[in-house]
4 protein chains.
Amino acid sequence: MTKYKIGIIGATGYTGSELVRILTNHPDVEITMITSESRAGDLFSDVHPYLQGIADDVLVSLDQIDDYELDLVFLALPHGVSMDIVRRFHDRSFKIIDLSGDFRLSSQKVYEEWYKMDHIYPEGFEKAIFGCPELYAAKIKDAHLIANPGCFPTSAILGLAPLLHANLIESDRIIIDSKTGVTGAGIKAKNVNLYSNVNDNFKAYGLKHHRHTIEIQEIMDKISGERTLVQFTPHLLPVDRGILTTIYARPTRILEESELHELYSAFYAHAPFVRLRKQEPAIKDVRGTNYCDLYTTYDQRTNMVIVISVIDNLIKGAAGQAVHNMNIMLGLDETQGLKLIPLNP
Amino acid sequence: MTKYKIGIIGATGYTGSELVRILTNHPDVEITMITSESRAGDLFSDVHPYLQGIADDVLVSLDQIDDYELDLVFLALPHGVSMDIVRRFHDRSFKIIDLSGDFRLSSQKVYEEWYKMDHIYPEGFEKAIFGCPELYAAKIKDAHLIANPGCFPTSAILGLAPLLHANLIESDRIIIDSKTGVTGAGIKAKNVNLYSNVNDNFKAYGLKHHRHTIEIQEIMDKISGERTLVQFTPHLLPVDRGILTTIYARPTRILEESELHELYSAFYAHAPFVRLRKQEPAIKDVRGTNYCDLYTTYDQRTNMVIVISVIDNLIKGAAGQAVHNMNIMLGLDETQGLKLIPLNP
Amino acid sequence: MTKYKIGIIGATGYTGSELVRILTNHPDVEITMITSESRAGDLFSDVHPYLQGIADDVLVSLDQIDDYELDLVFLALPHGVSMDIVRRFHDRSFKIIDLSGDFRLSSQKVYEEWYKMDHIYPEGFEKAIFGCPELYAAKIKDAHLIANPGCFPTSAILGLAPLLHANLIESDRIIIDSKTGVTGAGIKAKNVNLYSNVNDNFKAYGLKHHRHTIEIQEIMDKISGERTLVQFTPHLLPVDRGILTTIYARPTRILEESELHELYSAFYAHAPFVRLRKQEPAIKDVRGTNYCDLYTTYDQRTNMVIVISVIDNLIKGAAGQAVHNMNIMLGLDETQGLKLIPLNP
Amino acid sequence: MTKYKIGIIGATGYTGSELVRILTNHPDVEITMITSESRAGDLFSDVHPYLQGIADDVLVSLDQIDDYELDLVFLALPHGVSMDIVRRFHDRSFKIIDLSGDFRLSSQKVYEEWYKMDHIYPEGFEKAIFGCPELYAAKIKDAHLIANPGCFPTSAILGLAPLLHANLIESDRIIIDSKTGVTGAGIKAKNVNLYSNVNDNFKAYGLKHHRHTIEIQEIMDKISGERTLVQFTPHLLPVDRGILTTIYARPTRILEESELHELYSAFYAHAPFVRLRKQEPAIKDVRGTNYCDLYTTYDQRTNMVIVISVIDNLIKGAAGQAVHNMNIMLGLDETQGLKLIPLNP
């Protein structure tokens, strides 16, 4: 079988290196082009030396893209940069999966309010499909442009979708308390990811105004058909990768614990990457994999539902979910290349 | 000046070693007796080798207590053990500060429901004063028996007290999402504090049934004069020490951000160990100290108050707060021996 | 093709779970039996919950072994236990790879001197082949019993073999300073692997008497044909997995840096899991893989050779090397199932 | 008593904040000036927010130095910057303790060879006293300019001094294998101290050419009266603070273990900050303190001496040793302000 030809735009960050890690062992595709403007001419393994002997591809400039035949391209770029690339290449034959936040929201207006920057390609909001395979597989199959979900939104949406879909919780007062590993802050050295500021430490950040708040809330609106209100608070964990999200919601009526479990089992019956756990999951339980592990419980004393949702932010929250989308778009088995087993410990 | 004579019952745990660390540099007291049943005859620095040359006291059995003249005794023991010691010594002349959970709740009935064990000295519930100096300094001054607050309750109560005291929040739906360092699980090796189960990892535990839930809730009831309902969820951080508690509460009326700050400033005007922070505090900001750092904010979009509360669980959440109580009980300056500066990084 | 049938004796430790992780994705074998005496009847994923949905095999007692047809069996057991199993099953048709230290040394006498315990199956020393594929592939191919090398010895031997083989260093004064992750101490909770004893900490242990000293030295003797003398000092790193070994040796004559590189390139020309690195490797560069990364340099000023050797102790230092041996014994491609890519970060 | 007036030049780094932490609780001195060119006008606690309420001094520019009466000044600056300040102020009445490497070596020639930069104040090499109180207390007492020792040299020199002083080891082949916490790389965010490059990781760096090699070697020469040759290899630990140095040396004659202990006991009989340990010390055993913990042993089998030396790199390896020097220079008790107790865990 001829392999599909894949391009990766952006090589220096974690999403780029995770895409390469996953696609290298994917049987149905081959990486034919990796671009980097700052490191063109170097090897991919010069940028990520641990991949010496595994991914020694020569990096090229995006300007050389016409030299390549491509079926699909991943954009592993910061928000604000992606929109320009999408504008430039949206009418090419290759499909695009954008891992940035540039096309995840509903409109230019909402984007500019929460991202505090101008959007130069507002047409993209109509074209882009929100790439959450557990919710939108049919649309993803036919999409030309995918907005790959953010890491926090992935954990929160998968944790809440069954409840919202069944309209079982008060939608205007959902508490989402998330804790993320440091790789969520990117690969560039800065105060926030300086070792001694993170190690043996813990703090909240981005209270009230984190951009993922609106991304979560807009998808919640769609799932529930109601206007939701989300209080989202991220915290920074002294770990490399992983997100654990603790969700608190009040049911609209008295529940049974078993009812909750049946609801989630039914909703995720055909979702190969969602594991419903018997005990509270830990982030290392999914490290290095595309799993989202969920645990749900109901507190009779307080009449509250608690959901714990755990993912690897770089995989299910970025590169793995992107490959999942790619599999669906290319008509492949959705688990192809993604049968990753947790590295634990 | 003659120094006050202090005994420490229980030498092998973290609260014991932290008490010794703090009291060693305290100008007005001297440690005259440290007991350990399992290590009697050994030096304190045999049990905690990093204290070689600093605390080489010979450990004795509790049975030798009559050989010592004592003004005050700390019980650094597990719950279930403390109650027996208090029963045995409650009518001695020395004062007692119990660092366990045995006398923090309102009654035998509540204790047995949440601790799932019998209480053999229910008379103690009447006698014990809940040793939170920011709330109950006057009572502590005259107390003979102090129930030193739990670590999670300390962080939660100090974070919520001003709001509850002013009856400014809906008291029946308070979300308390706490994250603690591993020392909270004690010094004995077990699966929960095995390095590779904790490092680069994170998880929730004790959902719905953690004993500190009721300790928090009963004090909330007292402060607010209302029946409160608390949803408390602890999580285990890959750090040695520190608790960060994120609190979500809905105000009973529309607030102003500035109003919130004035409320807290007034409430804690005379509390030397509460620092009101301009930014979100991190747990390392208080490491090794008796501070509780608080950050409060109001989200107009969602009409929610968020409070971040940070302590060192072994100090403000245990040994430091106990020494604070001791200072008050002995009529000393309350900050004596507690002018500790954060070790950061 | 019919798959080879594999048994794993011992399920609760890290080597057991790593064997399962690797073999699950191996195309040519199937795990047909996993035994555990303490957990027989439970699922493998009850013992290692992160493998829920991946490895839900029912654990059986070793007494049921006759119910299974087996081509090869791994012993993932502590030393002292393995020798008994080998004695019991050494004449069965299935091949045995023993991951313990019970058959790595040259004789009962040496074993009893360094392990301070009796050896009940001394005949095994003759039969066992030391399973270092880079040195003994031909012998491994025909072996019935493999003594899988220790983790420290693997890193040290691969680092020194080219120099010793060429008789280029003074063999009686080799300094091997090793640093290991905590999983080397096993999965059982004890003081040495208690989180707060390891986190943000570092120490040496086992000075002068660590058992791996003699394992290294005996292999060094064989490679060099001389009597070597090894000073081996292990240290405990606050990391889960990984060993970095720093080796100091004096050349027997003045060297050129380039000579050193050519020596290693030639020696490891056909070793798919040894990577010769241009810069000092870090332990995360090989995490989750079967690689041994080597860096060599010569200091003209002091006339010393320095070698840095890095492995994942659970994979190249245990389960991965064992599967490598299995591949050779079963006549498979030696990299089958072992094309693992580092998880970094 | 009037307190001595102290200035600190350089406020943004770790040595600056550690000096403030120590001096704040020092009974005989007061900090009267802290300078920062980049942050002049801000509070010290704006730069180090965890010191809010503890050190709210306004930072000033060095140009304002004449507004202050000063007895002693600490230079908490990078090498290359200090030399300029010393040149400018060397004839003022205040004493100077320079924490950089600018005046630790023997001459301009050696400096320029190892630091690869020009030295603009070579006269300083004559004037500066190497501030190791255990070796040079008498000279320090009368010094006007102190070159405060580097962190690695402190751990290595204290570990080897008794052996060298007694000429008991071969001086031309000393192996010094050091492992340091991340704060040794400074407070500025860069790749080397990026969290995910350090966490769960470990590597060697600066092989053969690290500047501390020559600093160690020159002091060894002086102590032994011989020409020494030092192989020094630093490694980067995933910990905030602490250095553990493992030293290997061959004795010039057969030794007894007890002889070694007597040698060290005698040599350090009057050194309040050197603790001779019965077991291998860990870096957390000295965290937050001015201790250097030493462990020595002799291996009969190999005829080698092994020394383990442990310090807190920011205290004994920088700010604490500087305050120790200050105490001696000002005629104070040498332990004043330095009775720090380890924070462990």
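Me: A nonpolar core is a set of buried Ala, Val, Leu, Ile, Met, Phe, Trp, Tyr and Cys residues joined through side-chain atoms within 4.5 Å. Buried means under 20% relative accessible area, exposed over 50%, and partly exposed in between, with a 1.4 Å probe and protein chains only. Which residues have the most contacts inside the largest core?

Reply: This is a predicted model, in which local features need pLDDT of at least 70 and side-chain atom pairs count only at pLDDT 80 or more, while totals for chains, interfaces and linings use all residues. Residues are numbered from 1 along each chain as its sequence is written, chains are lettered from A and ligands numbered from 1 in written order, and side-chain values use heavy atoms, without hydrogens and water. The largest core has 187 residues, and those with the most contacts inside it include F74(C), L163(C) and M326(C). A second, separate core of 111 residues includes I6(A) and L260(A).

Me: What makes K208(A) buried?

Reply: Its relative accessible area is 15%, and the cut-off is under 20%, so K208(A) counts as buried. K208(A) lies in the loop between strand 8 (203-204) and helix 9 (212-224) of chain A. Helices (H or I, at least four residues) and strands (E, at least two) are DSSP runs, numbered from the N terminus. The phi of K208(A) is positive, about 75°, although this residue is not a glycine. Most residues other than glycine have a negative phi.

Me: How do you know that helix 11 of chain A has a kink?

Reply: The bend at a residue is the angle between axes fitted to the seven residues ending there and the seven starting there. In helix 11 of chain A the kink is about 45°, centred on Q321(A).

Me: How do you know that the copies meet through the same surface?

Reply: 100% of the interface residues of chain D are also interface residues in chain A, so the surface is the same.

Note on methods
Contact = heavy atoms within 4.5 Å.
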